Amino acid sequence: MQRYNILWADDEIDLLKPHILFLKDRGYDITPVTSGADAIEQVEKAYYDLVFLDENMPGMTGLETLSYIKNKKPNLPVVMITKNEEEHIMEEAIGSKIADYLIKPLNPNQILISVKKLLDNRRLVSQRTNMQYQQEFRSISMAVGERLDYAEWVEIYKKLVYWELEIEETENQSMREVLEMQKSEANSNFSRFIDDVYSDWLNDPNADRPILSHQLLKKKVFPQLGDESLFLIVIDNLRFDQWKVIEEDIVPYFNIEEEDVYFSILPTTTAYARNSIFSGELPADMAKKHSDLWVPDDDNEEGKNNSEEEFLRRQLKKNGLDIKFSYNKIIHSNQGKHLNDGLHNLLNNQLNVVVYNFVDMLSHARTDIRMIKELAADESAYRSLTRSWFLHSPLFDLIRMISDKGLKMIITTDHGTYRVRKPFKIAGDRNVNTNLRYKQGKNLGYKQENGILNRFSAEELHLPKPNVSTSYVFATDDTFFAYPNNYNHYVKYYRDTFQHGGVSMEEMMIPIISLNSKRV
């Protein structure tokens, strides 16, 4: 077991010998000093894991000593100990970034708890996390193998995300590989579940089905419209685990009224799923009823998403909602800053929709730019990069401004992404789309194997059918489609990248969060 060095500064240090012996008996090395000046001298010449600092010492006070120590060793945890319970002393100490605050008279267990919390916390949390996951591993595995409904799949996915984030915080992440295997097994079974039920969701009005993309606004957003302005933030390509890592930055400003999950339609791409959100229609109906807005070129994703504002206007009218609304799409940081500067102009609207494309851009950049690919080498790094962007983005500024106005906000997305590793050979003519997780075309050639869904007709899926022989094929598990021509280069370039369009828990089960400002 690692031994820790603790510096203890108190002008009555002799009275603390029982406490010092108590800690020494438990494996901690204690260096006692009687003044702030001596504490500073020790900190400058030796390494310490923790400092206990009396607030009321003659000469240099504890707060003065704390300031000097933090200036020289900002990452050294300091525990302030005092007889003084005055609030301003406590606030000044906390403002100086103390690690803990203890009130005299001390008792041994009080001190030990503080030491363990600061020095052994990561090890103890790691042990407990690993033990708890091992206990739940069996129940999750058994559940995954059963016949589940969509709500039970949502709970399984939430549990897996929870444990993924918990294990990420452990010391050596020893259970990470086990969890990845369990997630892979769950995704395989989830794909079979979608194979069984997806057609019924779209075609059987009596089917037990979740909220799907085309129902999202009608069921989750329109009911929340009122006299005050409601903001709908659509962060493109935001997975549920990515939401969980930015959640902690949002909760200081908002209360979470509801954290829910809805299902993206297939294909899980911006062109299909996001247009479906704003039109309130499935893609085949969009192509038929809104032929003036629907772009037939399947690879022209940006072109397909140039009519979202008009789709939204038509859906509002269809639902009898004669309201003032705004639609803003943010692709570059300057657009976000410009929107924030003009926020006051939006406050008379009952609905303000803001689409942030950055996460989607990040996933594509990760594929195309080596540096981004290295920065986001796995799910953990991808989450970290997402949070880093969020904290320094105009979006975070906008969210805080909405909170300051005391308004309600909904955060959602159109689909998620999945990290692909296994190439799947597929052939097609030059009109076949380029997406790596689904293919649409009239001359698709491939072997029927695990890793794809292909038994649906375009009519069943309510997808456009440019040609009589057009078919759709979806990647499942961690597969991605690769053409036989230049196969090795293609595989090397795209393996281990985050893609969307196919069938996985990460791509289909996505967050919708309703929030109320804490300023209300």
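With which side chain does the side chain of aspartate 378 make a polar contact? The partner is the side chain of arginine 176, at 2.6 Å; a polar contact is a pair of N or O atoms within 3.5 Å, where, within protein, one must be able to donate a hydrogen and the other to accept it, and residues adjacent in sequence count only if both atoms are side-chain atoms. The structure is a predicted model, in which local features need pLDDT of at least 70 and side-chain atom pairs count only at pLDDT 80 or more, while totals for chains, interfaces and linings use all residues. Residues are numbered from 1 along each chain as its sequence is written, and side-chain values use heavy atoms, with hydrogens and water left out.

Aspartate 378 is placed in the loop between helix 17 (370-375) and helix 18 (379-391); helices (H or I, at least four residues) and strands (E, at least two) are DSSP runs numbered from the N terminus. The side chain of aspartate 378 also reaches the backbone nitrogen of alanine 381, at 2.9 Å. Aspartate 378 has a relative accessible area of 17% and is therefore buried (under 20% relative accessible area, with exposed meaning over 50% and partly exposed in between; 1.4 Å probe, protein chains only).

Helix 7 comprises 19 residues, 150-168, and its first and last C-alpha atoms are 27 Å apart, close to the 27 Å expected at 1.5 Å a residue; the expected span is 1.5 Å times one less than the number of residues. At the start of helix 7, a side-chain oxygen of aspartate 149 comes within 3.2 Å of the backbone nitrogen of alanine 151. Buried residues of helix 7 include Trp153, Ile156, Tyr157, Leu160 and Glu164.

Helix 7 also contributes to the second largest pocket, as do helix 8 (176-203), helix 18 and strand 11 (418-420), each with at least two lining residues. On a 1 Å grid over the protein atoms alone, a pocket is an open set of points where a 1.4 Å probe fits, with protein on both sides within 12 Å along at least five of seven lines, and lining residues have an atom within 4 Å of a point. The volume of this pocket is about 360 Å³, taken as the space filled by probe spheres set on the grid points, which are joined across faces, edges and corners. Its lining has 20 residues, with Glu180, Lys183, Glu379, Arg419 and Arg421 nearest the centre. Helix 8 provides the largest share, 7 residues. By class, the lining holds 4 nonpolar, 3 polar and 13 charged residues (Ala, Val, Leu, Ile, Met, Phe, Trp, Tyr, Cys and Pro count as nonpolar, Asp, Glu, Lys and Arg as charged, and the others, Gly among them, as polar).

Across the whole structure, 29 aromatic pairs are found. The rings of tryptophan 201 and phenylalanine 263 form an edge-to-face pair, because their centres are 5.2 Å apart and their planes stand at 85 degrees (rings of Phe, Tyr and Trp, the last by its six-membered ring, pair with centres within 6.5 Å; planes under 30 degrees apart are stacked, over 60 edge-to-face and the rest tilted). This pair links distant parts of the chain, with tryptophan 201 in helix 8 and phenylalanine 263 in strand 7 (residues 254-263), 62 residues apart. Tryptophan 201 is buried at 2% relative accessible area, and phenylalanine 263 is buried at 0%.
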